[in-house]
Amino acid sequence: MHNYKSMKLMNFSEVTGPQFHKVHVGVGHRLDAFSSGVLVLGIGKGNGVLEHLCKSHVTRDYMLEGEFGKATDNFTHTGRVIEKTTYDHVTLDKLERVLAMIQGANQKALIMYSQVDLHTQEAYELAVRGLLYPHGKSPPILTGLRCIHFNPPHFTLEVQCVNETQKYLRKLIHEVGLELRTSAVCSGVRRTRDGPFKVENALTRQHWTAGSIIQAIAHFSKATRKIRKLEMYKQTAGQLNSNAQVQEQTRSQTDE
């Protein structure tokens with residue numbers, strides 16, 4: 001009887017095959033419960049690339065849905081209403097002027113936090129090619145901001161940014177309302193791009209299968225090289241800044 005049980009266990013093992021190994025899955029730039037869109041995951045060795053992604057200050061794109069006419073305690077349309085205002089005076093032209101003002105202030109912040117001397121030719125070329133990124137820690141910075149839909153009270157903004165949080169983006173809608181002498185709440189935050197990873201290439205829940213995941217990993221092998229290349233540009237920008245500081249110190253000593 002004992003031998004028969006052992007044979008049954010042995011045959012069962014042969015049928016089922018070896019056990020699956022544990023695979024570590026890491027999460028990139030997170031999305032909170034109010035937001036949707038692209039969420040990058042790292043599987044196995046891909047977590048090394050995921051770490052580069054989180055440190056490389058890649059630009060992320062969002063679609064922000066806004067609604068004029070009210071303010072809430074958490075900047076969202078589901079929060080507790082604390083104020084209601086009129087918005088009949090708001091026009092697309094006025095909105096675009098406010099967005100241009102906000103983007104201009106953020107462009108100055110980007111130059112400051114990139115710690116690059118724009119008087120050098122190399123640094124100027126990086127700026128023209130859109131390769132300036134904050135060096136080290138910085139507050140959220142908008143690198144692009146425009147209105148793509150305007151039908152009051154509803155409007156939609158397209159945003160490119162670095163070091164942001166979704167709470168910061170919801171507050172941005174609130175601040176746009178204040179600049180227009182009204183109020184506004186955020187009714188949706190959707191991430192459409194995280195560095196080289198775009199929403200049109202994302203796997204939706206019904207495609208979470210082993211075959212689809214393996215195919216996606218193969219498809220994005222080029223994207224991982226772009227992330228490493230971006231890290232090289234960051235190092236180049238940092239080196240340019242260091243060289244510029246050395247040159248400035250040398251000139252100061254010469255003048256003395």
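These legends accompany several close-up views of a predicted model.

Local features here need pLDDT of at least 70 and side-chain atom pairs count only at pLDDT 80 or more, while totals for chains, interfaces and linings use all residues. Residues are numbered from 1 along each chain as its sequence is written, and side-chain values use heavy atoms, with hydrogens and water left out.

**View 1. The whole chain, to get our bearings.** Seven helices and 10 strands make up the count for this chain (DSSP runs, H or I of at least four residues for helices and E of at least two for strands, numbered from the N terminus). Of its 256 residues, 38% are buried (under 20% relative accessible area, 1.4 Å probe, protein chains only).

**View 2. Helix α3 crossing helix α5.** Here the axes of α3 (residues 92–114) and α5 (residues 166–179) come within 10 Å and cross at roughly 125° (lines fitted to C-alpha atoms over the stretch in contact, with angles from 0 to 180 degrees between N-to-C directions).

**View 3. Side chains where α3 meets α5.** Look for L95, V98, L99, M101, I102 and N106 of α3, in contact with Y168, L172, V176 and E179 of α5 (heavy atoms within 4.5 Å).

**View 4. A closer look at L99.** This leucine sits in helix α3, and L99 counts as buried at 3% relative accessibility. Beyond neighbours within four places in sequence, L99 is in contact with L145, R146, C147, L157 and V176. L99 and G144 lie 45 residues apart in sequence and 9.5 Å apart in space, C-alpha to C-alpha.

Conventions. Buried < 20%, exposed > 50% of the residue type's maximum accessible area, 1.4 Å probe, protein only.
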